[in-house]
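Please look over the sequence and the structure shown below before reading on.

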Amino acid sequence: MKLRVLASGSSGNCYVLEAENDDKLIIDLGIPYKEILRGLDFDLSSVKGALVSHVHKDHALALKDFEKSGIGVFAPYLPRQKMFGSLRFGSFMITKFPLPHNGTDNYGFIIQADDKTILYLTDFEYCPYTFKSYKPDYIIVECNYQKEYVSRDLANYEHKIAGHCELQTTKDFIVANKTENLKNVVIVHTALGTCNRDEIKADIQALSNCIVDVAQANMEINLMADVPF
């Protein structure tokens, strides 16, 4: 299984999860439609669906374009989709769960494919659930800031603190959900100026004892079958 990062951060978020049979699932649509097409080499034939966590443009910008294209979009914050708890897109079974995001309706996803389980969480202050019973193989999770790098003079201070995940919260979530199955942790939505990616990677590597990547645009991550240490 592969994860392709088209964009990650406050200016836009978009990830492509690719199963072994080439089925693709897009997670968040926070960049222009044409940029997503370019990232997919203008080939949507293997895209089985897309997930959108919440309404903010850095996650939902291209939602309407994808709906017009005929590709199924699961955006559980939309009134017409609130009744769906789980659904399938090709090889991917998806289950939603709500996450607190400063008063904005926001969701994380449990994604199952290739006999693996992936957790995806972004734009949350904390997670009120644990998923240890799912024995997640991969965790894709936000770390938006480190408290020592955030000033109260920051223009979006209140939204950042109440709506995003701090490093210690990210670490606590990983510890609470780590089992012997966990192979990869991918850190997403890091914010320029309020975090140090090298420090984040080192901290999470130390506590998780698995492969850790910090997502950046145009990165392709091979999610590992086995931990090489």
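Leaving aside its neighbours within four places in sequence, with which residues is Phe84 in contact? Phe84 is in contact with Phe74 and Lys96, where contact means heavy atoms within 4.5 Å. This is a predicted model, in which local features need pLDDT of at least 70 and side-chain atom pairs count only at pLDDT 80 or more, while totals for chains, interfaces and linings use all residues. Residues are numbered from 1 along each chain as its sequence is written, and side-chain values use heavy atoms, with hydrogens and water left out.

Phe84 itself is found in the loop between strand E5 (73-74) and strand E6 (86-89). Helices (H or I, at least four residues) and strands (E, at least two) are DSSP runs, numbered from the N terminus. Because its relative accessibility is 38%, Phe84 counts as partly exposed; buried means under 20% relative accessible area, exposed over 50%, and partly exposed in between (1.4 Å probe, protein chains only). Gln112 is 28 residues away from Phe84 along the chain, and the C-alpha atoms of the two are separated by 16 Å.

The aromatic rings come next. Rings of Phe, Tyr and Trp (its six-membered ring) pair if their centres lie within 6.5 Å; planes under 30 degrees apart count as stacked, over 60 as edge-to-face and the rest as tilted. By this rule the count comes to 8 aromatic pairs. One of these is formed by Phe97 and Tyr129, an edge-to-face pair with 6.2 Å from centre to centre and 80° between the planes. Phe97 lies in strand E7 (residues 92-99) and Tyr129 in the loop between strand E9 (116-121) and strand E10 (138-142), so this pair ties together parts that are 32 residues apart in sequence. Phe97 is buried, with a relative accessible area of 5%, whereas Tyr129 is partly exposed, at 34%.

Phe97 also pairs with Phe131: the ring centres are 4.6 Å apart and the planes stand at 50°, so this pair is tilted. Here too distant parts of the chain are linked, with Phe97 in strand E7 and Phe131 in the loop between E9 and E10, 34 residues apart. Phe131 counts as buried, because its relative accessibility is 5%. Phe97, Tyr129 and Phe131 belong to one aromatic cluster together with Tyr134 and Phe173.

Charged side chains provide another set of links. The structure holds 10 salt bridges, a salt bridge being a side-chain nitrogen of Lys or Arg within 4 Å of a carboxyl oxygen of Asp or Glu. In one of them the side chains of Asp23 and Lys48 meet, at 3.9 Å from N to O. This pair links distant parts of the chain, since Asp23 is in the loop between strand E2 (14-18) and strand E3 (24-27) and Lys48 is in strand E4 (residues 47-51), 25 residues apart. Asp23 is buried, with a relative accessible area of 10%, while Lys48 is partly exposed at 34% relative accessibility.

Glu67 and Arg80 form another salt bridge, at 2.4 Å from N to O. Glu67 belongs to helix H3 (residues 63-69) and Arg80 to the loop between E5 and E6, 13 residues apart. Both count as partly exposed, Glu67 at 32% and Arg80 at 48%.

Asp203 is bridged to Lys171, with the closest N and O atoms 3.5 Å apart. Asp203 lies in helix H6 (residues 197-208) and Lys171 in helix H5 (residues 167-177), so the pair ties together parts that are 32 residues apart in sequence. Asp203 is partly exposed, with a relative accessible area of 32%, and Lys171 is buried, at 17%.

Within H6, Ile200, Ile204 and Ser208 are buried. They cover an arc of only 40° around the axis, which puts them on the same side of H6; the arc is that of the directions from the helix axis to the C-beta atoms. On the other side of H6, Asp198 and Ala206 are exposed. The buried residues of H6 pack against H5, strand E11 (184-188) and strand E12 (211-214). Just after H6, Asn209 takes a positive phi of about 55°.
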